[in-house]
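This briefing walks through one protein model, topic by topic, for a reader who is meeting such structures for the first time. Please keep the sequence and the three-dimensional view at hand while reading.

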Amino acid sequence: MPKDHGIGARSKRREDVRFLTGTGHYTDDMAMQGQTYAVMVRSTVAHGKIVSIDTSEAAAMPGVLTIFTGEDFAEVGGNPAGWLIHSRDGSPMREPKRPVLAHGKVRHVGDAYAAVVAETYAQAKDAAEAVAAGTVIEELPAIVDLAAAVANADNRVHDEIPDNLCFDWGWIEDNREAVDAAMKSAEHVTVLELVNNRLVPNAMEPRSSIGEYHPASGEYKLTTTSQNPHLTKLLVCAFVLGIPEHKLTVVAPDVGGGFGSKIYHYGEEALVLAAAKKLGRPVRWTAERTESFLTDAHGRDHVTKIEVGAKKDGEIVAIRTTTLANVGAYLSNFSTATPTFLHGTLMAGPYKVPNVYVNLKAVFTNTAPVDAYRGAGRPEATYSLERAIDKMARELGLDPVEVRRKNLITPDMFPYTTPVALQYDTGNYQATLDKALEMADVAGFEARAAESKARGKLRGLGLSTWIEACGIAPSHLVGQLGSRVGLYDAATVRVSATGTIQVMTGAHSHGQGHETVFAQVVAEKLGIPEENVEIVHGDTSKIPFGMGSYGSRSLAVCGSAIDRAMDKIIDKGKKIAAHMLEASEGDITFENGSFAVAGTDKAKSFGEIAFSAYVPHNYPLETLEPGLEETAFYDPNNFTYPAGAYLCEVEVDPDTGSVDILSFTCADDFGNVMNPMVVEGQVHGGVVQGIGQAMIEHTAYDETGQLLTASYMDYAMPRADDVPMVTVDHSCATPCTHNPLGVKGCGEAGAIGSPPAVVNAVIDALQRGGYAHVTHIDMPLTPSRVWAAMRG
Amino acid sequence: MTKVSMSVNGKTVSGDVEGRTLLSEFLREGLRLTGTHIGCDTSQCGACVVHVDGEAVKSCTMLALDAEGAEVRTIEGMANADGSLSVIQQAFQDHHGLQCGFCTPGMVMSAAALLKENPKPTEAEVREYLEGNICRCTGYHNIVKAIMAASGQDVSAIAAE
Ligand code: FES
Ligand code: FES
């Protein structure tokens, strides 16, 4: 019987009711007394010198309340990068200031250099056009192409950075010589050059922020579309505006998806706060979709050469990659961690490969900032590796499945330390591979391929055996590696006198269903009904602290903090119970919501203990404080390492190059699963984002730095009829060994594992169909690219 | 400013709008019915779908003045009279057809329009009908499943978990 309650149950999501009835509260849904509207004035050129801004005409227009330009923020701080990377020569990365509004120069199309606040949105918009008309920008040559950016030392995104290079990173530098030697003596070397295409995250809710200021108390409030309100608060206070931290509340209410793009602090948030203070009225700003395309942090954008050295039997002896990564015009908050420690550290994959070396140069260009997007560095690593291994297998005349099997780390090898510094705690990669092969009926593939052939179509099967590292930790280690933040999380569990519970968590749910799933976790441990538990998130005035939700960390890190806080509640409950039951504390057990004296029938329910804590008439007041509320901060001692095997089956039409994705099968290991329904939903969504990347999504800048794909007319988003059902299994579970729930992250897996499976499937179809010369096609695999490759 | 009147979720409403005011703006800002969402500026995403005289319409493509005298239904008017979730809404919850919830109002409104014209759609028909509604979270799997379940079909056979 499947459970209907607590851990492992398919509990229906409580948050759904408000979303299904139109009563959710997203930032732009909120109306404020006396509110005003901000509109940003954005550069229409990719690179230019701001010669002059004349705001006089706009200032005189109806309803206009104030106008800001970059000059107004010249004296305040910039929006910093959260991770300091050192180059191979030991020098620190170059960190140009990222101002609230561009000052002196504009550096990408969409870079805001002024902002208008007016009584109505229409008035602000009209006046913003007048500011643009009053502005003279001397256009400079745009730096768009990565290789050209590094080669041309004279044309600079930031005048003080000569070769547009942020850093030149090696991981691990000490491995380099051994890797070079192993590659040189390898029996076979596969070389693959590939592009990990630039993507726009495209959460369906555009970014939106409302600033408020109360002159009497000097308090500010920012309501904003954020995945981590505490970090936004810290950045605004400590780095950008210098507001005392206790005077700012940041609220991230219902947020309509993030996928990374809403992790970061953006200039508009500082702008609405500064404007609210100046005007003494609420100031709101909401992005139009085009602004989202132009200014949300983009994802991926790597150009990589990967070499795989192998023996003739397919055993991998060395992996070496060289990558140019685009960071855009400014460093977004995690932009330097994403291509390095979230990418290079994963380059061994799930394989027992002895020699790995990663070199990555991060390059400034006149494009929007690039940062973590669902998967963040790990999709790039996985794509390089899984494509190259497939190619290697083909070159050696071996079966891609068997080559992977030969190289996979085996269950007896854990804990396993890779040559790129991660220690995988547990896994069973053979089990997920076997499961996927069985689920996808690989045994029946040849018959299906013959049937396709009879219809003039080419059928192919693609595999990826992926692993990822998520729930990034521990703080002392990431600190040594350059992180400027801790990566713990916090939770408060507040038990009321009647035994109901509020949990304040540092996680933020923007689709993940924490309100339901965390309540399941709490209900299970405390032996109470789920409906007695309320999860509070997204408000810095209510929650002790938190690092938010991204990097598949919510359950592994924030959930563990909740678990630890519950341990403290249970410990205190035992003390209270011991007093009430006249027993010694060591004899008290807690199970199914009941504190009992071991070996007797004497017991107190959780509710009775809670009541006693708040009405302490029969209570050990000399030794114990009243009340039942506990806070825990949890700093994990390792990442979690979810892994799995994905199989994609496609059919290619050789006449048109169009590809049909017929099936997609996932066998995942997420450790213990709290709510299978929610986990499967995460995989469905991630896989379709990965299929989007592989098949249709592409962010195109022209050579002048104009974004050609700045709307849904030009940027292809996966629609319902572009994708198949996604078959998901998570039964091959090896629980994480170092967090109390035994959980591994599941949010990014789909987006990490799927792109190579799709591309491998298409290459397989073409190879089987006699197009032996097609060994790689860069994503997205549009019909024109596939068709051209076939005829190339 | 021009006065406009229409029926929204069974109630007669009116307000002063500019000629350029979109129906979506009138609903959200004029009537504070913020369940109708705005996800794009090119009429591509479907987050804003409402019913106008029984037809699914992207409310960002229609001027408020053009809805003069019309019967408009929004997501706020989709629950049963007693406030419980309607069959389609319930199916979305039962089958986890939503994550962040932002596309959801448009999805539910489109689903209702589809099932009115095609009470037992196939999976392919559902997918094709949803062409104008983008969801970035769910991968559509559970949305398709929810809509087919709402039509009374057995979804255990057609849609693997
Ligand atoms: S807001 Fe109407 S289609 Fe996107
Ligand atoms: S549920 Fe988030 S966009 Fe559909």
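Predicted model: local features only at pLDDT ≥ 70, side-chain atom pairs only at ≥ 80, totals over all residues.

Helix H1 of chain B gives six residues to the lining of the largest pocket, and this is the largest share that comes from any element.

**The largest pocket**

- The space in the largest pocket comes to about 1,400 Å³, and 48 residues form its lining.
- Nearest the centre of this pocket lie residues from both chains, namely A:Tyr37, A:Tyr121 and A:Ala122 together with B:Glu25 and B:Glu29.
- From chain A, the elements that give two or more residues to the lining are strand E1 (36–42), helix H3 (121–133) and strand E12 (283–286), while from chain B they are strand E2 (11–17) and helix H1 (23–30).

- Chain A has 19 helices and 28 strands, and its C-alpha atoms fill a box of roughly 85 × 75 × 50 Å along the principal axes.
- For the 792 residues of chain A, a compact globule would have a radius of gyration near 28 Å, and the value of 27 Å found for this chain therefore agrees with that expectation.
- In chain A, 65% of the 792 residues are buried.
- Chain B has six helices and five strands, which follow one another along the sequence in the pattern β-β-α-β-β-β-α-α-α-α-α.
- The box filled by the C-alpha atoms of chain B, again taken along the principal axes, is roughly 55 × 35 × 25 Å.
- With 161 residues, a compact globule would have a radius of gyration near 15 Å, so the 16 Å of chain B agrees with that expectation too.
- Of the 161 residues in chain B, 58% count as buried.

**Enclosed space**

- The structure contains seven cavities of 30 Å³ or more, and the second largest cavity holds about 250 Å³ of space.
- This second largest cavity is lined by 24 residues, and the ones closest to its centre are A:Arg98, A:Pro99, A:Val100, A:Asp111 and A:Gly267.
- Strand E1 and helix H7 (267–279), both of chain A, are the elements that give two or more residues to this lining, and H7(A) supplies the largest share with three residues.
- By class, the lining of the second largest cavity is made up of 11 nonpolar, eight polar and five charged residues.

- Strand E9 (residues 208–214) and strand E10 (residues 219–224) of chain A run antiparallel and are joined by six bridges, and one pair of bridge partners is A:Glu212 with A:Lys221 in E10(A).
- These two strands form a hairpin in which four residues lie between them, and A:Gly218 in the turn has a positive phi of about 70°.
- On pairing with strand E11 (residues 248–251) of chain A, E10(A) takes part in four bridges in the parallel sense, and here A:Thr223 stands opposite A:Val251 in E11(A).

**Strand E19 of chain A and its partners**

- Strand E19 (residues 489–495) of chain A is largely enclosed by the rest of the structure, because six of its seven residues are buried.
- With strand E25 (residues 629–634) of chain A, E19(A) pairs in the antiparallel sense over six bridges, and A:Arg494 is found opposite A:Glu629 in E25(A).
- With strand E20 (residues 501–505) of chain A, E19(A) likewise pairs in the antiparallel sense, in this case over five bridges, and the bridge partner of A:Val493 is A:Val503 in E20(A).
- E19(A) and E20(A) form a hairpin with five residues between them, and A:Gly499 in the turn has a positive phi of about 90°.

Definitions and conventions: Residues numbered from 1 in each chain as written. Chains lettered and ligands numbered in written order. Heavy atoms only, no water. Pairing = 2+ DSSP bridges. 1 Å grid on protein atoms, 1.4 Å probe; cavity = no way out; pocket = protein on both sides within 12 Å on 5 of 7 lines; lining within 4 Å. Points joined across faces, edges and corners; volume = space filled by probe spheres on them. Rg over C-alpha atoms; globule rule 2.2 N^0.38 Å. Buried < 20%, exposed > 50% of the residue type's maximum accessible area, 1.4 Å probe, protein only. Nonpolar A, V, L, I, M, F, W, Y, C, P; charged D, E, K, R; others polar.
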